[in-house]
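This report looks at selected features of one protein chain. Please examine the sequence and the structure before reading on.

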Amino acid sequence: MAAAAAASATVSTAAVSAGSAAPPSSAPVTSTAQVTMRPDAIRLPGAATQAPASTADCERLDGIACFDPDQLRAAYQLPPLYAKGVTGTGVTIMIVDSFGSPTIRTDLAAFDRQFGYPAPPDFTIIAPVGKIPPFDPGNSDMSGWAGETTLDVEYAHALAPGANILLVETPVSETEGVTGFPQIVRAEEYAIAHYKVGVISQSFSATEETFASYAQLDPLRGAYKAADDAHVTVLAASGDAGATDYRSNQVNYYTSRVTSWPDSDPLVTGVGGTQLRQQGAGYTSVAWNDTYDRAWTLYGEGSTAPDPAASGGGTSEFFARPAYQDGVAAVTGGRRGVPDIAMSAACDGSVSIYSSYQPGQAGWSLTCGTSEATPEFAAIVALADQVAGHPLGQINPAIYRLESEHAPGIVDVTSGNNSVSFDQGANAKPVSVAGYPAGRGYDLVTGVGTVNAKDFVYELAASDSGRKLGPVLLTAGDIVNS
């Protein structure tokens with residue numbers, strides 16, 4: 001996508017021992033393949049402004065909607081929870097980003113001042129696998145991750161203002177080519193072992209086809225197995241290119257349906273995207289798909305060509321359908337389906353963030369994508385952790401049970417799809433990838449749907465998800481296309 005942050009971190013598939021609590025040595029990591037993980041945040045073009053844009057401003061000036069965090073709070077019916085003291089108190093949201101942002105503390109403070117939010121009770125930043133290199137404003141990799149970090153921290157905090165924030169940074173550098181995701185795994189394992197974490201928010205992904213086989217992917221699952229043992233909930237964004245995703249060159253898309261990992265991992269809750277639509281004093285949600293939105297494709301580009309921007313979703317190439325999805329087998333078939341649930345992610349419905357990491361460009365900008373949806377849902381899980389009095393661990397079984405029971409906290413999203421089109425190749429050949437429709441019950445665009453938090457938080461807290469769910473762990477016999 002032209003407006004997306006052009007950032008990636010090259011990742012090796014070297015083995016990482018699960019459960020390792022100590023930071024790794026600085027010895028080089030041997031790699032047999034490279035996997036590019038990318039942050040999923042999309043930052044809309046345009047100069048930073050001195051105040052956040054209002055919905056009316058965006059609609060009048062740009063032809064798209066935008067929202068501030070107070071509007072998101074209202075859309076998900078969070079104020080009744082805050083009135084009861086349910087703000088995430090005592091829970092730690094762990095956010096994982098390469099490089100981080102050199103100005104995230106002051107940027108979050110500015111964000112809080114604007115909206116009258118309290119500072120997090122505790123905001124800790126750690127780099128357990130090596131010193132973060134000096135920030136280079138001209139490095140698109142670093143600036144992309146800085147934007148991702150800003151979005152993750154500000155919106156996890158905005159919806160769970162009483163929760164602690166633990167930002168885990170890794171010193172990933174694309175030019176080295178051998179130190180990417182294994183560092184993230186080790187950093188997550190360290191944080192899980194040394195901090196009381198309730199929920200982990202990850203807004204990055206790699207197309208499953210990047211891996212030649214499950215054998216390459218399996219060593220990178222150590223942190224998720226450690227989280228499962230520690231009853232920590234793990235979330236991951238489902239991606240922003242609808243039913244397709246990027247090839248390894250990070251420029252071209254696959255021309256057939258693909259999905260991404262780690263959101264496809266059965267130990268992870270995959271978070272997809274919706275578009276919030278304001279209707280009077282209320283809001284409704286449809287599946288996020290801005291691909292054919294002329295206002296969006298024209299935003300800062302001057303082109304009418306379609307541009308993939310939709311909720312990632314589909315079925316896994318590597319993982320069989322886990323038991324908790326047996327009730328939706330008619331949709332997923334024998335494979336793991338993603339996403340599991342969805343939150344606001346649309347670019348025509350973007351959110352305001354404050355950042356100052358680029359010299360001379362301090363101010364407010366608009367961003368979108370499943371990178372937005374993931375920290376938002378992390379905040380919802382943190383509220384449920386507070387109500388339960390303990391981390392809820394693997395929540396997917398509870399999510400699907402609540403959907404099957406038609407629980408009030410699950411809001412079905414029944415319209416839209418994640419089909420995408422784009423021009424690709426030397427001759428800019430038009431390509432379309434037929435996606436999946438949203439519909440009644442579970443679908444491969446928005447999962448079980450979105451949430452009414454004032455009910456969902458209590459429903460999730462009352463679940464039995466706090467216990468380790470051994471059957472969710474896959475064995476070699478469960479692997480599809482290994």
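Which residue just after α12 takes a positive phi? The residue is histidine 406, whose phi is about 55°. The model discussed here is predicted.

Helix α12 spans residues 396-404. Its buried residues are Asn396, Ala398, Ile399, Tyr400, Leu402 and Glu403. As background, an α-helix has 3.6 residues a turn, so residues three or four places apart point the same way.

The buried residues of α12 pack against both strands and helices. The strands are β12 (269-279), β15 (335-338), β16 (341-344) and β19 (410-411). The helices are α11 (370-388) and α13 (453-461).

## Two disulfides

A disulfide is a covalent bond between the sulfur atoms of two cysteines. How many disulfides does a search of the whole structure find? The search finds 2. With the bonded cysteines counted along the chain, their pattern is 1-2, 3-4.

## The link between cysteine 347 and cysteine 368

The other disulfide joins cysteine 347 to cysteine 368, with an S to S distance of 2.2 Å. This link is right-handed, with 75° about the S-S bond. Cysteine 347 lies in the loop between β16 and β17 (350-355), and cysteine 368 belongs to strand β18 (residues 363-368), so the pair ties together parts that are 21 residues apart in sequence. Cysteine 347 is buried, with a relative accessible area of 0%; cysteine 368 is also buried, at 0%.

## The packing of α6 and α8

Two packed helices are described by the angle between their axes and the distance between the axes. The axes of helix α6 (residues 181-194) and helix α8 (residues 222-229) cross at roughly 15° and come within 8 Å. An angle under 35 degrees counts as roughly parallel, and α6 and α8 are therefore roughly parallel to each other. Their crossing is left-handed.

Which residues of the two helices meet? From α6 come Phe181, Val185, Glu188, Glu189 and Ile192, and from α8 come Gly222, Ala223, Tyr224, Ala226 and Ala227. By class, this contact of α6 with α8 has 7 nonpolar, 1 polar and 2 charged residues.

Note on methods:
Residues are numbered from 1 along each chain as its sequence is written. This is a predicted model: local features need pLDDT of at least 70, side-chain atom pairs count only at pLDDT 80 or more; totals for chains, interfaces and linings use all residues. Side-chain values use heavy atoms; hydrogens and water are left out. Buried means under 20% relative accessible area, exposed over 50%, partly exposed in between (1.4 Å probe, protein chains only). Helices (H or I, at least four residues) and strands (E, at least two) are DSSP runs, numbered from the N terminus. Contact means heavy atoms within 4.5 Å. A disulfide is a pair of cysteine sulfur atoms within 2.5 Å. Axes are lines fitted to C-alpha atoms, for helices over the stretch in contact, and angles run from 0 to 180 degrees between N-to-C directions. Angles under 35 degrees count as roughly parallel, over 145 as roughly antiparallel, 65 to 115 as roughly perpendicular and the rest as oblique. A crossing is left-handed if the near helix is turned anticlockwise from the far one by less than a right angle, and right-handed if clockwise. Ala, Val, Leu, Ile, Met, Phe, Trp, Tyr, Cys and Pro count as nonpolar, Asp, Glu, Lys and Arg as charged, and the others, Gly among them, as polar.
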